[in-house]
Amino acid sequence: MSEADGLVRLRQPIGVTYNWSAGPNATSHLAGLMSGKFVGKRCPSCALVYFPPRNGVCPKCAKILAGDVEVGPKGTITTFCIVNVPFLGQKIKLPYVAAQILLDGADISMQHLIQECEAEDVRIGMRVEPVWKDKSEWGPSLENIQHFRPTGEPDRVMGSESGAS
Ligand SMILES: [Zn+2]
C-alpha cells in the first residue's frame with residue numbers, strides 16, 4: 001500500500017467462481033472427452049462433421065447440427081507452426097510444434113501440440129495419434145490430451161479422398 005501521491009494502491013489476488021452452461025452441442029463433446037472419446041456433430045443437410053462442435057449451427061447451410069459422431073482418435077496434420085520464441089510462463093521446451101490436426105472422420109481441424117519427434121520432421125500429411133494424460137487428471141477439456149505424436153503410418157495426401165466438401 002502506498003499513499004505517497006494521495007492514491008491508495010492495493011495488490012490483492014482475487015478469484016471469481018462461476019458456473020457455465022455448456023449447451024447440448026458442447027455437452028456431448030465435453031462428455032466424450034471425459035470418457036476418452038472425440039465426439040463431433042454432423043450437419044443433417046451437407047453431412048459435414050464438426051469437431052469440436054463450436055456452435056449448434058452448420059456455418060455452410062445454417063442447419064442445426066444433429067447427431068453425435070465419434071471421430072479420430074488418429075488424425076492428419078493439415079498445417080503447423082514451429083514455435084521458437086520464448087514467452088512468459090512457457091512450459092514446453094523450444095522449439096515445439098503447434099499443428100492443425102484433422103481427426104479421421106471430421107471435416108474441420110483442431111489445434112494441438114505435436115511431440116515425440118523433432119520439430120523439423122513434422123510435415124503436412126503426417127499421421128498422428130493422441131497421448132492422453134492419466135485419467136486422474138482428466139476434466140471436460142481437450143487438455144486431457146498431453147499432445148499428439150506421429151503414428152509412423154504413411155502420410156495422407158490431403159484432398160485425395162472423395163467426400164463432403
Ligand atoms: Zn451443413
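I began with F38, which counts as buried because its relative accessibility is 1%. My terms here are buried for under 20% relative accessible area, exposed for over 50%, and partly exposed in between, using a 1.4 Å probe and protein chains only.

A note on what I am reading: this is a predicted model, in which local features need pLDDT of at least 70, side-chain atom pairs count only at pLDDT 80 or more, and totals for chains, interfaces and linings use all residues. Residues are numbered from 1 along each chain as its sequence is written, and side-chain values use heavy atoms, with hydrogens and water left out.

**Confidence.** I checked pLDDT, the predictor's confidence in each residue from 0 to 100. The protein averages 90, and 93% of the residues score at least 70. Helix 1 (residues 23-34) has the lowest confidence, with a mean of 87, while strand 7 (residues 127-132) has the highest, at 98. I take helices (H or I, at least four residues) and strands (E, at least two) as DSSP runs numbered from the N terminus.

**Aromatic pairs.** I paired rings of Phe, Tyr and Trp (its six-membered ring) if their centres lie within 6.5 Å, calling planes under 30 degrees apart stacked, over 60 edge-to-face and the rest tilted. I count 4 aromatic pairs by this rule. F38 and F148 are stacked, because their ring centres are 6.5 Å apart and their planes meet at 20 degrees. This pair links distant parts of the chain: F38 is in strand 1 (residues 38-42) and F148 in strand 8 (residues 145-150), 110 residues apart. F148 is buried too, at a relative accessible area of 0%.

Next I looked at W132 and W138, a tilted pair with 5.1 Å from centre to centre and 50 degrees between the planes. W132 is partly exposed at 23%, whereas W138 is buried at 16%. Together, F38, F51, W132, W138 and F148 form one aromatic cluster.

**Q111.** Is Q111 buried or exposed? I find it exposed, because its relative accessibility is 52%. Q111 lies in strand 6 (residues 110-114). Leaving out residues up to four places away in sequence, Q111 touches A98, A99 and Q100, where contact means heavy atoms within 4.5 Å. The side chains of Q111 and Q100 also make a polar contact at 3.4 Å. For that term I use a pair of N or O atoms within 3.5 Å; within protein, one must be able to donate a hydrogen and the other to accept it, and residues adjacent in sequence count only if both atoms are side-chain atoms.
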